[in-house]
Structure formats: structure tokens, C-alpha cells
Amino acid sequence: FENKALLLQAELQYLEGDITSADASYRASIKSAHDHKFVQEEALALELYGIFLLENKMVSKGLEQLQIAVDTYIKWGAVKKADAVKDFIGLVTKSQNQMST
């Protein structure tokens with residue numbers, strides 16, 4: 001359950017404004033889920049980490065993590081969830097393009 005505890009820790013740290021610690025905890029959660037072959041939990045951690053990065057103005061890195069989440073959801077077989085995250089990526093990309101014009 002290490003990956004779940006780390007993910008909850010990351011979310012709490014983020015809520016408390018400790019961005020540096022939250023970043024490290026998200027990454028540790030992703031690694032733990034990956035190392036223990038919890039594909040669905042790795043995908044969720046990647047998705048939440050991507051959103052965290054977007055919300056903290058790290059758009060390029062956030063989009064990259066979200067795309068990895070899509071690939072991981074597909075690996076798990078959660079095609080509808082992968083499609084939902086793809087749609088979200090599209091909205092973010094469209095918004096970024098509109099802001100730069």
C-alpha cells in the first residue's frame with residue numbers, strides 16, 4: 001500500500017502548499033506503483049501528478065505526464081478513462097494555443 005500512502009501524502013502536501021514535497025511524493029508514488037506492477041494505480045498517480053504540474057504552471061511537463069497516464073490506462077485496459085484524459089489534454093492544449101495568440 002506504499003504507493004497509495006505516498007499519493008495521499010502528495011495530495012495533502014499540495015493542499016498545504018508544500019509544492020516541493022508534493023512533487024517528490026507524487027514521483028515516489030508513481031515509482032512505487034510501477035515497481036510493484038500496480039498498473040491502474042500508476043496511471044492514477046501519473047494523472048494526478050500531471051494535473052498538479054499543470055496547476056503549478058509546468059504545462060509541458062504536465063502534458064507529458066498526462067500522456068504517459070493515457071498510455072498506462074490503455075495498458076491496463078481502461079480505454080474509456082484513457083479517452084477522457086486525452087480529451088482533457090486536448091482542452092489544455094487548445095487553451096494554451098489560444099493564450100499564445
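Q: Where is Gln-65 found in this structure?
A: Gln-65 is found in helix α4, which covers residues 59-76. The model is a predicted one.

Q: Why is Gln-65 called buried?
A: Gln-65 has a relative accessible area of 11%. Buried means under 20%. The value falls under that limit, so Gln-65 counts as buried.

Q: What does Gln-65 contact, leaving aside its neighbours within four places in sequence?
A: Gln-65 is in contact with Ile-30, Leu-46, Tyr-49, Gly-50 and Leu-53. Take Leu-46: it stands 19 residues from Gln-65 along the chain, and the two C-alpha atoms are separated by 5.8 Å.

Q: Why is Ser-25 called buried?
A: Ser-25 has a relative accessible area of 5%. The limit for buried is under 20%. Ser-25 therefore counts as buried. Its place is in helix α2, residues 19-35.

Q: Which residues does Ser-25 contact, leaving aside its neighbours within four places in sequence?
A: Ser-25 is in contact with Leu-6, Gln-9, Ala-10 and Gln-13.

Q: What makes α1 roughly antiparallel to α2?
A: Helix α1 (residues 2-15) and α2 pack at an angle of about 160°, with their axes 8 Å apart. Angles over 145 degrees count as roughly antiparallel, so α1 is roughly antiparallel to α2.

Q: Which residues make the contact of α1 with α2?
A: From α1 come Glu-2, Asn-3, Leu-6, Leu-7, Gln-9, Ala-10, Glu-11, Gln-13 and Tyr-14. From α2 come Ile-19, Ser-21, Ala-22, Ser-25, Tyr-26, Ala-28, Ser-29, Ser-32 and Ala-33. By class, they divide into 9 nonpolar, 7 polar and 2 charged. The crossing of α1 past α2 is left-handed.

Q: How do you know that α1 is roughly parallel to α3?
A: The axes of α1 and helix α3 (residues 39-55) cross at roughly 15° and come within 11 Å. Angles under 35 degrees count as roughly parallel, so α1 is roughly parallel to α3.

Q: Which residues make the contact of α1 with α3?
A: On the α1 side they are Asn-3, Lys-4, Leu-7, Glu-11 and Tyr-14. On the α3 side they are Glu-41, Leu-44, Ala-45, Leu-48, Phe-52 and Glu-55. By class, this contact has 6 nonpolar, 1 polar and 4 charged residues. Here α1 passes α3 in a left-handed crossing.

Q: Why is Glu-41 counted as buried?
A: Glu-41 has a relative accessible area of 18%. Buried means under 20%. The value is under the limit, so Glu-41 is buried. Glu-41 lies in helix α3. Leaving aside its neighbours within four places in sequence, Glu-41 is in contact with Asn-3, Lys-4 and Ala-33.

Q: How many aromatic pairs does the structure hold?
A: It holds 4 aromatic pairs. One of them joins Tyr-26 and Phe-52.

Q: Why is the pair of Tyr-26 and Phe-52 called tilted?
A: Their ring centres lie 4.9 Å apart, with 40° between the planes. Stacked needs under 30 degrees and edge-to-face needs over 60.

Q: What does the pair of Tyr-26 and Phe-52 tie together?
A: Tyr-26 lies in helix α2 and Phe-52 in helix α3, so the pair ties together parts that are 26 residues apart in sequence.

Q: How do you know that Tyr-26 and Phe-52 are buried?
A: Tyr-26 has 1% relative accessibility. Phe-52 has a relative accessible area of 1%. The limit is under 20%, so both count as buried.

Q: What makes the pair of Tyr-49 and Phe-52 stacked?
A: Their ring centres are 6.0 Å apart and their planes are at 15°. Planes under 30 degrees apart count as stacked, so this pair is stacked. Both residues lie in helix α3, 3 residues apart, about one turn of the helix.

Q: Which residues do ring pairs link into a cluster?
A: Ring pairs link Tyr-14, Tyr-26, Tyr-49 and Phe-52.

Q: Why is Lys-37 called exposed?
A: Lys-37 has a relative accessible area of 70%. Exposed means over 50%, so Lys-37 is exposed. Its place is in the loop between α2 and α3.

Q: Why does Lys-57 count as exposed?
A: Lys-57 has 72% relative accessibility. That is over the 50% limit, so Lys-57 counts as exposed. Lys-57 lies in the loop between α3 and α4. Phi of Lys-57 is near 65°, a positive value in a residue other than glycine.

Technical notes. Residues numbered from 1 in each chain as written. Predicted model: local features only at pLDDT ≥ 70, side-chain atom pairs only at ≥ 80, totals over all residues. Heavy atoms only, no water. Helix = DSSP H or I, 4+ residues; strand = E, 2+ residues; numbered from the N terminus. Buried < 20%, exposed > 50% of the residue type's maximum accessible area, 1.4 Å probe, protein only. Contact = heavy atoms within 4.5 Å. Axes fitted to C-alpha atoms, helices over the stretch in contact; angles between N-to-C directions. Parallel < 35°, antiparallel > 145°, perpendicular 65-115°, else oblique. Left-handed = near helix turned anticlockwise from the far one by under 90°. Nonpolar A, V, L, I, M, F, W, Y, C, P; charged D, E, K, R; others polar. Phe/Tyr/Trp six-rings, centres within 6.5 Å; stacked < 30°, edge-to-face > 60°.
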